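Colleague: Could you walk me through this one? I would like to start with how the chains meet.

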Amino acid sequence: MFQNNKGTNNNMIMQLAVATPGQGLHEITPQINNAINEAGIERGLCTIFIQHTSASLLVQENADPDARHDLEQWLNKLVPINDPAYTHTSEGPDDMPSHIKSTLTCTTLAIPVLDGRTALGTWQGIFLWEHRHNPAPRRLVLHLQKD
Amino acid sequence: MFQNNKGTNNNMIMQLAVATPGQGLHEITPQINNAINEAGIERGLCTIFIQHTSASLLVQENADPDARHDLEQWLNKLVPINDPAYTHTSEGPDDMPSHIKSTLTCTTLAIPVLDGRTALGTWQGIFLWEHRHNPAPRRLVLHLQKD
Amino acid sequence: MFQNNKGTNNNMIMQLAVATPGQGLHEITPQINNAINEAGIERGLCTIFIQHTSASLLVQENADPDARHDLEQWLNKLVPINDPAYTHTSEGPDDMPSHIKSTLTCTTLAIPVLDGRTALGTWQGIFLWEHRHNPAPRRLVLHLQKD
């Protein structure tokens, strides 16, 4: 889509491709920190934007996988597939629920950068939440600001 | 409220007024891209902030209007008007549901700018989601960062 | 965790500690505006990041306390404690609901700065939403960009 390169103030915009293995919370913290290192940014601000409407972004606990499991199950119950009220069904029964789940979570995240990495808390990780059932190629755009 | 003008680093803060025709998802992608052009920004970061608590922001599918219809109906069912538990009712029966809907969606969005426009995915649009039933004048504040 | 200090472009990253008195919406607008003043920023962008996954951030109405009460009650009903489906229970019955509530609200907020303060609308305040029942020490990281 575009070349990764720097603006006049050394800020950088990068594209990051993530192939998801199907529905679930997939941690992308290492890929984000790698991009920050590649851009040579010690401190600043990292903005992550996902170019899709059936997958989303989330900062959540990355310690106990049970927390992610419960989160996924809870949201599946709140936003069921095969709700007879859906009219947007041409892309499959998991498509409209995916748009709703994406709406309830985040399309964009802004995280301060300190010491060359995202300033996450001890138990936090950055996740790409795939809402479609099948594997999908997903694209993120990162804006990396250098202070 | 304020004059649009540039900071010393050519970043710009602009006010954008949007008159909504009543409850629903109203696309504002053209207005946002116009503001980016007016600010003369080819690449950088666009932050959109809505100064209201009964309307919100969303990036969602802009291709099939059925998807927006289903999203609106789903949220109306999750957050009904006339819930007897509401005590904040002085501003009308659609006010407290609007605060809740605003809470579940976004007050602020940060989107990278490439080639003079927001780096949206193929099927994405930027929407102002009016949650009140009546038309309302809404104000956005844009922070446009130039890289 | 780190020293507050400025980058080469006068942007600033600051840590802000907030001791919450237990579950509820706690306004932090004054602390945020104080940080902006301390950083000497007249106009720019303020990004607020919370380093926790059982407390979150929100911009909401700060005029009528009934609105916050209704919001809290509504979310408590949507995400009950003691749901038998939860498997992540080792940290107490209010922990998994707190992760879900945090997921449905915000971990990060970006707000333009004008005239030395956040460009909030007339009725808006910035809140730290504590989802755990007990008081907790919470840490925010602020990225303050100077234009």
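Colleague: What area is buried between chain A and chain B?

Modeller: In this predicted model, the area buried between chain A and chain B is about 2,700 Å², and carbon and sulfur atoms give 58% of that area. The contact takes 36 residues from chain A, while chain B gives 33 residues to the contact.

Colleague: And how many salt bridges does the rule find across the interface of chain A and chain B?

Modeller: The rule finds one salt bridge across that interface. A:Asp83 forms a salt bridge with B:Lys77, and the closest N and O atoms of this pair are 3.7 Å apart.

Colleague: How many residue pairs are in polar contact there?

Modeller: There are 14 residue pairs in polar contact across the interface of chain A and chain B, counting pairs in which both residues are at pLDDT 80 or more.

Colleague: Which elements give two or more residues to the side of chain A that touches chain B?

Modeller: They are strand E1 (5–6), strand E2 (12–20), strand E4 (44–50), helix H3 (95–104) and strand E9 (136–146) of chain A. The largest share of that side comes from H3(A), which gives six residues. By type, the residues of the side of chain A that touches chain B divide into 14 nonpolar, 18 polar and four charged.

Colleague: Now helix H3 of chain B: why is it largely enclosed by the rest of the structure?

Modeller: Helix H3 of chain B, residues 95–104, is largely enclosed by the rest of the structure because 10 of its 10 residues are buried. Among the buried residues of H3(B) are B:Asp95, B:His99 and B:Lys101, as well as B:Met96, B:Ile100 and B:Leu104.

Colleague: Switching to symmetry, what rotation superposes chain A on chain C?

Modeller: A rotation of 120 degrees, with 0.0 Å of shift along its axis, superposes chain A on chain C with an RMSD of 0.0 Å. The two copies are therefore related as by a three-fold rotation axis. In chain A, the C-alpha nearest the axis is that of A:Leu104, which lies 3.4 Å from it. The copies use different surfaces, since 9% of the contact residues of chain A recur in chain C.

Notes: Residues are numbered from 1 along each chain as its sequence is written. Chains are lettered from A and ligands numbered from 1 in the order in which they are written. This is a predicted model: local features need pLDDT of at least 70, side-chain atom pairs count only at pLDDT 80 or more; totals for chains, interfaces and linings use all residues. Side-chain values use heavy atoms; hydrogens and water are left out. Contact means heavy atoms within 4.5 Å. Buried area is the accessible area (1.4 Å probe) that two parts lose on being put together, summed over both. A salt bridge is a side-chain nitrogen of Lys or Arg within 4 Å of a carboxyl oxygen of Asp or Glu. A polar contact is a pair of N or O atoms within 3.5 Å; within protein, one must be able to donate a hydrogen and the other to accept it, and residues adjacent in sequence count only if both atoms are side-chain atoms. Helices (H or I, at least four residues) and strands (E, at least two) are DSSP runs, numbered from the N terminus. Ala, Val, Leu, Ile, Met, Phe, Trp, Tyr, Cys and Pro count as nonpolar, Asp, Glu, Lys and Arg as charged, and the others, Gly among them, as polar. Copies are superposed by least squares on the C-alpha atoms of residues with pLDDT of at least 70 in both. Buried means under 20% relative accessible area, exposed over 50%, partly exposed in between (1.4 Å probe, protein chains only).
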